[in-house]
Amino acid sequence: MTWPVILVVDHDPGSLRALRTDLTRRFGRAFTVKGASSSDAALTLVRELARSGEPVALLVVDERSADVLTRVHELYPRAKRVLLVDRDYSSDSPAVQAIAIGRVDYHLVRPWADDEMMYRAVSEFLSSWTSEQEPRFELFRVVAREGDDRLLRLRDVMARFRLPFLVYPAEEEAGRRLLREAGVDASRLPVVIRYDGRAFIDPTLPDLARAIGVSVTNEVEYCDVAIVGAGPAGLTAAVCAASEGLETVLLEKAVSGGQAGTSPMIRNYPGFPHGISGGYLMEQTCEQAWLMGAHIVFAQQAVGLEDRGDRKVIHLLDGSEVAARAVLIATGVDWRRLGVPALEDLVGHGVFYGTAVGESRAMRDQDVFIVGAGNSAAQAAMHLADHARTVTLVVRGDSLAKSASGYLVRAIRSTPGIVVRHRTEVVGGGGDGRLEHLTLADRAAGTVERVPAAALFIMIGGEPHTRWLPDDVVRDPQGYLVTGREIREGSSPCGPLGRDPLPLETSMPGVFAVGDVRKGSIKRVASAVGEGATAIRLVHEYLNG
């Protein structure tokens, strides 16, 4: 068996020898560690590896060999690139510049205090590479016909929960064999087959949740605080509330993570200098809330809220209800629709709202387009650039920098394969059963152009999930929830609450709003986390009178 290669390039013979020895000692059972003492030797070795078809997982190079990174990336675009630097916290450090423009994925500082510090970092780098490969263990096997739009939902749920799975076309022998072994008729597809052989036929979202092993039925009739929405704000609130002894119920209409859970990489979240996958961050926060004692219910949609004085009652889609002393609304937003009928007909068939993290592998060597100019669109562009042949960002305005973080703008400018088209809109498109082409209107040039396209990802702002709330919960004209002092504007001196509202409190006493659903919120994951934690402190204040 050919092991993936860890390649170390270091001009210092002693450092190179020590690194190879240490890395082989820890990772030699699953990876082959090779070394080179110059850029030329490294390139020669990499070409030999490419000719023999050997995979390269990690490339660790010193500052003098930084030129190797770009050239090796052409042969191994999915190998993780690590810059080996001496300790230097100046703003013009090679690591700062290289990571800012996307030339490297990670950095490793020498000297390290002990081997375990280095091993921990390298394990993280290798884990990131491994997670992008085809899974060795298939927790789920999905048998479906090619082009079935229900695959999008299945892939999205599996990707959000980081579950290893593979899709088997029903038209091929491997797919037919799986169906025979499961005893399922091929007329009822798609079929999800779990590792233990249990088959789920054309599963709904609750079916998938049960297959994964999470709860879809609320068994708590009364609690201290009910949280609606399991994005970063809601999950953080659940962690804080449960850890502080409040009986906590967390309700989510789909699966945890919200829009943050679809982000392939969040680089400005504190504590993760190389960034962190939004899905992984949300998964760990959800696990933490569960371990703290929160009751988490997935695939359970809230459809109504009723104020009964000292308790608030949330009505659920399945007809059940949960009563709480306080309620926290963290339902977030949905992506705003593009409004092009021809493309709406192709949603799930090459047209996607949001990142569609489960579709990344299918974008390899394709030409893809993204509509949007915020951080979500920019992060999606960087992620898809590792898979697609070309990525085109379609931006209505004249500058990406007005709405996206500076680090993302710099990375996009320096990433080959990403094109930004300013003052341009998608006005049409089509294809035979799935997306094949788009029509772009260049407002600056006054031209209309038809371009080939394999996929379109739409991220153009949100519409808040607030229609399920009663009319006496004050919203702004766009539907976002009004909180705090703004509730008093245009009302009696004490406002509709009859008292000064608490920060983050809505016009219904004891009902709070956090995250993207709240008017004036800062659309960043760290801000949503802060609001979720702050809201629980305010819930305590409300409950204590």
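Is R423 buried, exposed or partly exposed? R423 counts as partly exposed, because its relative accessibility is 42% and the partly exposed class covers values between under 20% for buried and over 50% for exposed. The structure discussed here is a predicted model.

**Residues with positive phi**

R423 also has a backbone feature to note: its phi is positive, about 50 degrees, although R423 is not a glycine. R423 sits in the loop that links β20 (418-421) and β21 (424-430).

D202 is likewise not a glycine, and its phi is positive at about 40 degrees. The loop that holds D202 runs between β9 (199-201) and α8 (205-212). With a relative accessible area of 31%, D202 is partly exposed.

| Residue | Phi | Relative accessibility |
|---|---|---|
| D202 | about 40 degrees | 31% |
| R423 | about 50 degrees | 42% |

**A cis peptide bond**

Between L189 and P190 the peptide bond is cis, and its omega is near 0 degrees. P190 belongs to the loop between α7 (173-182) and β8 (191-194).

**Strands β1 and β2**

Strand β1 (residues 5-9) and strand β2 (residues 32-36) run parallel and are joined by five bridges. For V5, the bridge partner in β2 is T32.

Conventions. Residues numbered from 1 in each chain as written. Predicted model: local features only at pLDDT ≥ 70, side-chain atom pairs only at ≥ 80, totals over all residues. Heavy atoms only, no water. Helix = DSSP H or I, 4+ residues; strand = E, 2+ residues; numbered from the N terminus. Buried < 20%, exposed > 50% of the residue type's maximum accessible area, 1.4 Å probe, protein only. Pairing = 2+ DSSP bridges.
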